[in-house]
Amino acid sequence: MFKRLKVVITVFLLIMSIVPLILFSSTFFFSVINYFTKNDEKNILEILTRNKKYLEVFVEMNIDDMRLLANSDDLKSYEIDEIKGVLERFLSTRDEYSKIKYIDKDGWFVEVDRSRSVYEKYLQLSQKERLLFEKGDFSTIISEDGINYVVFSSPYEDENRHGIVVGYIDLNRFDYIFKDLTLTGLGNIIIKDSSGNYLFKMDNNKKYDEDVKEEIKNTDFSMIVSINREDIRNVFLNDLFRKLTLYFFLTVVMAIVFAYIISEAINKYITRIIVSINTLTRIKSTDSLLDNIKEIETFKNKFNEIIEKLNKDKIDLSDKAYIDALTGLYNKRFLSEKLSERLKEVNENVYFMMADIDYFKKINDTYGHIVGDRVLKSLAEILKQNIREGDYAIRFGGEEFLIVFRNITKKEALNIAERLRVQVEKFVYREEKLNIKFTISIGVAKFKNGIEYTIDISDEALYSAKSLGRNRVVYKEV
């Protein structure tokens, strides 16, 4: 029986390795040739559009920073110290900015950098600064003190005053956003402003037969892509042919050499698995080739764990249904199906804390939902570190979390809530160029008259914390 199985497995492996490879390689090769022959223009536009959108999103994010500053009531005050304070606080949280300016329509300006602050009046606005006044939400390149800056501006205006807020990023620190701009040495990408200043320039001293130009929204930048179609086609196809040929040859050789060895090992391992299943015993380790494969080792370990759990009658598959997939905390199903049952046996004091991330929508809108999910996971880790065995941390929904503490006093509950609030306020989520700070508001209530009633009371306390300015703890009597 097993000799016949070995022959079948060997033939099957050879067929599965060689035949699909031939079909795939030939089909893929001719499809690529056809694609590049018919869609050169489309490829050029896709490269340009992708990089243009990437730059426009980056510009809009920085202009939005200036909008937030321009809408600050303190920034529109007549007190110079208040204006400087607002600019200095912003600069302290954003490492990429070199300095910030607040420019009034009458020529007075406040400039804050990392070493000094200035309050003066211009003799005359530069051409670029007049352009910023005219455009409002805008980006361009400005040269000051021998340094080229990429600037982002937004207007501010009230009944008596009008002007702009301008953020400066050193052009030498700006290249990191272009690290992925490439045409594999077969073309140029140039981004420059209306005065001929280069924001980015890729130049390999070759002549190209086509230029495509696009304007960048809310800037005076233009993106120009130059490509030699014939070079791209020839280089790509030559490289593809060499790789496919080598890949095909090596795969065929390896399939023939190892098919027999693999089939032998598979047959032996199948025999061991059948014996273990029939006897409900562990799969024992041997010197088999398959024992050294990570996936097989993982399978063996998991199989042995299952056998041990079955033999000890300690399997509990239901717990997984009560865990939130993103945060690893309990979910609302646990809240509705399990928590009330567990609290029935509790005679000591129990307190509910409803916590919510302040302005979480802004984090999602600014950095995207993926980063938002990672911020939620970071908060969940902080909650896990601050609960004891027998307490419960539950993801109630979205950015809202419920924490249930048992056998504590009101004073202890409020101290824990305040400690959580302070830890979150001090925490900074870091990821590549991102440094995100956030806060939470917490509503606290003592458990009484059932879970739903206590949740309503703690939710009302949370709402009060939000109404009072956020980033605080509020207790509400049941």
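**Notebook: aromatic rings**

I looked up two tyrosines; Tyr 102 is buried, and so is Tyr 156. Buried means under 20% relative accessible area, exposed over 50%, and partly exposed in between (1.4 Å probe, protein chains only).

I noted that this is a predicted model, where local features need pLDDT of at least 70, side-chain atom pairs count only at pLDDT 80 or more, and totals for chains, interfaces and linings use all residues. Residues are numbered from 1 along each chain as its sequence is written, and side-chain values use heavy atoms, with hydrogens and water left out.

Next, ring pairs. Rings of Phe, Tyr and Trp (its six-membered ring) pair if their centres lie within 6.5 Å; planes under 30 degrees apart count as stacked, over 60 as edge-to-face and the rest as tilted. I got 13 aromatic pairs by this rule. Tyr 102 and Tyr 156 make a stacked pair, 4.7 Å centre to centre, with 10° between the planes. This pair links distant parts of the chain: Tyr 102 is in strand β1 (residues 99-104) and Tyr 156 in strand β5 (residues 147-157), 54 residues apart. Strands (E, at least two residues) and helices (H or I, at least four) are DSSP runs, numbered from the N terminus.

I then checked Phe 109 and Tyr 122. They are stacked too, at 4.4 Å centre to centre and 25° between the planes. Phe 109 is buried, at 7% relative accessible area. Tyr 122 counts as buried at 18%.

Last, charges. A charge sits over a ring if NZ of Lys or CZ of Arg is within 6 Å of the ring centre and within 35 degrees of the ring normal. I found the charged end of Lys 101 over the ring of Phe 109, 5.3 Å from its centre.
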